[in-house]
Amino acid sequence: MATTTFPETEVESNQSATKYVYFFGGGKADGNGKMKDELGGKGAGLAEMTNAGLPVPPGFTIQTEACREYMKKGGVSAEVDQQMESALARLEQLQGQKLGKGENPLLVSVRSGAKFSMPGMMDTILNLGLNDESVGALARRSNNPRFAADSYRRLIQMFGNVVLEIPKAAFDEVFEHKKKQKKARLDTDLDAKALKEVIEEYKKVVKKHAKRDFPQDPHEQLVMARDAVFRSWLNERAKHYRRINNIDDMLGTAVNVQAMVFGNLGDTSGTGVGFTRNPATGVKEFYGEFLMNAQGEDVVAGIRTPVPILELQKVMPDVYHQLREITTRLEKHYRDMQDFEFTIQDGKLYMLQTRNGKRTGRAAVRVAIQMVDEGLITKEEGIFRVEPNQLYDYLVPRLDEKSAKVEVLATGLPASPGAAVGQIVFTADEAVEKAGHGAKKNPVILVRAETTPEDIHGMEVAVGILTSRGGMTSHAAVVTRGMGKCCVAGAGDIQVDEKKREMRVKGQVFKDDDWISLDGTTGRVIKGRLKTLDASPDDPELQTLMSWSEPFRKLGVRANADIPRDAIQARAFGAEGIGLCRTEHMFFGEKKLPHMRAMILAKTEKDRRAALKRLLPLQRADFIGVFRAMDGFPVTIRTLDPPLHEFLPRREDLMVEIAVLEATKPKSPKLGGLRKLLQRVEELHEFNPMLGHRGCRLGITYPEITEMQARAIFEAAVAVAKEGVKVHPEVMIPLTATLKEMANQAAVVHRVAKEVFEEKESTVPYLVGTMIELPRAALVADEIAKEAQFFSFGTNDLTQTTFGFSRDDVNKVLPTYLAEGILKQDPFAVLDREGVGQLVKMATERGRKTRPQLKVGICGEHGGEPSSVEFCHQIGLNYVSCSPFRVLTARLAAAQAAATEKLKVEGGRTK
Ligand code: PEP
Ligand code: MG
């Protein structure tokens with residue numbers, strides 16, 4: 001983002017020539033959509049919409065320069081005031097109204113709008129222009145004294161809080177007191193008379209706190225509101241947001257003053273929202289809802305239920321056709337699917353907002369393809385219309401919306417994609433009880449206000465999770481994403497009463513065992529029991545999009561997979577090999593663990609070798625399965641990495657077991673074995689196992705382990721090759737830091753390969769390479785490349801060792817670091833380009849100096865994250881490797897990175 005500063009002198013010298021105020025309305029705007037620097041995002045959008053011929057409520061934008069002046073001098077120049085007054089006069093003339101005066105008073109909104117969106121950070125004032133007189137005119141015009149009084153009390157409250165800096169609580173107190181007095185349950189239960197009393201009380205609050213009256217002069221209101229919005233640029237919330245998002249404090253905000261339009265002025269007024277295409281499916285249909293004689297707030301408060309937008313055709317056919325015509329034009333103008341908000345005031349349509357509509361992954365793919373077919377965009381542009389992460393939608397089940405009537409109860413956050421259909425339970429214990437085991441499995445959905453770590457056992461057995469509170473990083477959201485389980489979080493319209501075991505929403509009550517369906521991709525909570533549709537990685541539309549993007553892609557995409565099932569899955573998603581097969585996962589298997597433990601407990605090399613011999617056939621069988629699944633694609637197999645104690649029971653558990661036995665059965669024959677095991681566990685205990693006896697250090701201290709693994713690999717490879725399957729094993733040594741470590745382990749592997757090939761009288765092509773996971777390895781990569789035939793960056797460990805953050809404990813620090821803007825992203829999720837990324841780049845260059853054709857990949861978690869994939873493309877890696885479920889994402893991200901470069905389009909990701 002831009003970080004320009006504005007020297008004082010420039011401001012001074014330009015002052016007289018500066019155009020501070022930009023008008024929009026009557027089909028023409030002074031500014032345009034490109035002027036975000038001056039007009040801010042919102043102001044530029046309003047100008048563009050006006051110029052595009054949309055019926056936007058008219059108004060004017062006071063540009064950011066005035067804000068910068070305000071910051072420097074504590075006020076604006078007379079020139080700003082003058083320009084604002086003449087823009088207001090123009091607005092009044094255009095509308096045939098006067099600000100806050102007469103029988104048809106003009107009311108305006110005053111909103112902030114910076115170059116970069118800062119949602120909710122700065123202040124807004126609505127209904128400006130209302131005073132003791134104009135409130136009566138509004139009541140008469142709307143024929144709704146309650147609405148007029150409510151609008152006025154809201155203005156006093158907003159103005160009081162934002163402009164006069166009166167604590168919100170002072171107003172809330174009055175309001176709540178009135179509700180109690182009138183025995184009102186909801187705000188809407190207060191009638192016009194009660195609200196008029198509130199207004200009088202509010203005025204007293206203003207007088208008491210601000211030592212002045214609420215200004216009755218609309219012009220004074222406007223000037224004060226404008227200045228308050230400028231000041232809100234410097235409020236703590238906004239400053240904090242800018243710090244986190246790297247937005248320059250000197251940019252300033254623009255102020256948008258716009259005529260208010262009301263949808264509740266009678267039966268020829270209304271309000272609604274819509275999309276030019278269906279945002280869930282992408283189908284080209286007019287989609288949305290509206291309410292006649294209503295304000296947007298009525299919809300939000302759930303007082304009235306909106307009607308499908310197609311009904312507008314019957315109620316107001318002319319307006320409906322105009323809206324269709326406008327929204328069709330909007331799509332052509334913006335060349336993308338739009339969402340829009342509109343208001344009809346006295347039969348006249350106003351467009352309040354339009355922007356590129358948010359959509360599901362499937363909708364994104366479908367819309368892109370349709371728009372290419374319609375000639376609206378090119379195929380190359382189509383590739384960029386889909387966020388790589390959205391392709392995950394194709395890999396999880398979804399609701400079959402044709403299987404039953406879809407009644408949406410509430411919409412929360414799409415916290416973890418997929419679909420879940422099940423019976424409601426309200427506690428984790430109940431989930432476990434009802435979900436049952438084995439054949440008796442019942443699908444249950446755990447419904448909670450929010451989840452905590454104590455709910456984990458219930459979350460594990462539930463098919464989906466629904467919470468009424470919490471955001472995208474709430475416990476429920478984070479945990480379910482990790483589990484690959486559907487979750488809708490923060491569905492605020494739902495009230496969960498865990499004590500009464502009830503969920504209330506839309507006036508309906510749901511109890512234990514009632515069926516609901518969740519759509520974790522859109523956040524919808526649906527009544528009843530829908531069917532689900534399986535994942536569909538072979539979807540024809542997805543294939544079309546991939547067929548456009550794939551020719552651009554230069555990076556290979558492999559998968560991290562340890563067992564044949566995952567390898568087969570990865571192939572189905574388009575993986576071109578395995579970039580990391582973690583062999584230790586094979587040792588944890590039920591059959592293998594006893595031999596593994598015997599190997600660890602062995603006192604002599606002879607005993608150790610005997611145990612390893614029993615592991616050999618088991619490990620060989622695993623490799624055979626993986627080689628077969630990869631059918632000709634390379635398979636990178638890593639020799640044993642984790643510290644040995646991970647294969648033994650926990651020290652504390654052993655101590656307890658021994659103590660219990662000693663107390664209860666002191667003569668138990670088991671005791672001797674357990675004591676021996678404990679002794680070995682204690683010998684192997686390390687203070688910092690992540691930096692301890694792991695990686696190549698294991699293979700160097702126990703070469704027979706590497707030997708056994710190499711033998712299993714080559715015997716499997718030769719056997720599979722004999723079946724006619726091409727095999728390309730790549731043996732990978734973990735956690736090297738020096739050339740000698742690499743040479744030591746490479747020698748073992750080469751020797752065993754030679755032995756096996758001689759024994760079997762057959763050879764296969766193979767490579768021996770290393771993971772680069774330590775800063776030292778990156779620094780001496782040119783040396784290591786003398787022995788390593790390929791590199792694969794283990795960016796999980798490389799991030800850990802570069803930052804010195806423990807990858808298992810970083811969450812103690814990370815939330816604060818992110819909240820404070822010290823880190824922009826979790827470096828374990830998104831590759832840190834400035835630090836870890838530089839090591840990756842440098843090691844690649846140094847490695848290739850020694851070995852120009854060195855094959856280089858990445859197999860840390862970053863290999864499936866779009867921004868990291870882009871970086872890997874930019875620095876010339878050969879491939880990325882990621883979990884099977886991220887292969888599609890990585891393929892599209894890699895194609896977008898290459899297409900960005902080739903087409904010179906602006907598609908780059910943030911760092
Ligand atoms: C890594 O460190 O990035 C890596 C892939 O290895 P592991 O996660 O198994 O340590
Ligand atoms: Mg590692």
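Which residues line the second largest cavity? The views below come from a predicted model, and the answer is in the legend of View 1.

**View 1. Lining of the second largest cavity.** The residues that line the second largest cavity are Thr-639, Leu-640, Gly-695, Cys-696, Leu-698, Gly-699, Ile-705, Thr-706, Gln-709 and Gln-745. About 40 Å³ of space lies within the second largest cavity. Two helices, α26 (696–701) and α27 (703–722), each contribute at least two residues to this lining. By class, the lining has 6 polar and 4 nonpolar residues, with no charged residues.

**View 2. Lining of the largest cavity.** The largest cavity has a volume of about 40 Å³. Leu-601, Lys-603, Lys-676, Gln-679, Arg-680 and Glu-683 form its lining. Helix α25 (residues 670–684) gives the largest share of this lining, 4 residues. Sorted by class, the lining residues are 4 charged, 1 polar and 1 nonpolar. In total, the model has 3 cavities of 30 Å³ or more.

**View 3. Ligand 1 and the residues around it.** The shell around ligand 1 holds 14 residues, and the closest are Arg-582, Glu-773, Gly-794, Asn-796 and Arg-807. By class, this shell consists of 7 charged, 4 polar and 3 nonpolar residues. The space that ligand 1 takes up is the second largest pocket. The elements that provide two or more residues of the shell are β26 (578–582) and α31 (795–803). Of the elements, α31 has the largest share, with 3 residues.

**View 4. Polar contacts of ligand 1.** An oxygen atom of ligand 1 lies 2.7 Å from a polar backbone atom of Asn-796. For Gly-794, the distance from a polar backbone atom to an oxygen atom of ligand 1 is 3.3 Å. With Arg-638 the side chain is involved: one of its N or O atoms is 2.9 Å from an oxygen atom of ligand 1. Ligand 1 taken alone exposes 280 Å², of which the protein buries 94%.

Notes: Residues numbered from 1 in each chain as written. Chains lettered and ligands numbered in written order. Predicted model: local features only at pLDDT ≥ 70, side-chain atom pairs only at ≥ 80, totals over all residues. Heavy atoms only, no water. Near = heavy atom within 4 Å. Polar contact = N/O pair within 3.5 Å; in protein donor to acceptor, adjacent residues only side chain to side chain. Areas by Shrake-Rupley, 256 points an atom, 1.4 Å probe, with all protein chains shown as cover. 1 Å grid on protein atoms, 1.4 Å probe; cavity = no way out; pocket = protein on both sides within 12 Å on 5 of 7 lines; lining within 4 Å. Sits in = over half its atoms within 2 Å of the grid points. Nonpolar A, V, L, I, M, F, W, Y, C, P; charged D, E, K, R; others polar. Points joined across faces, edges and corners; volume = space filled by probe spheres on them.
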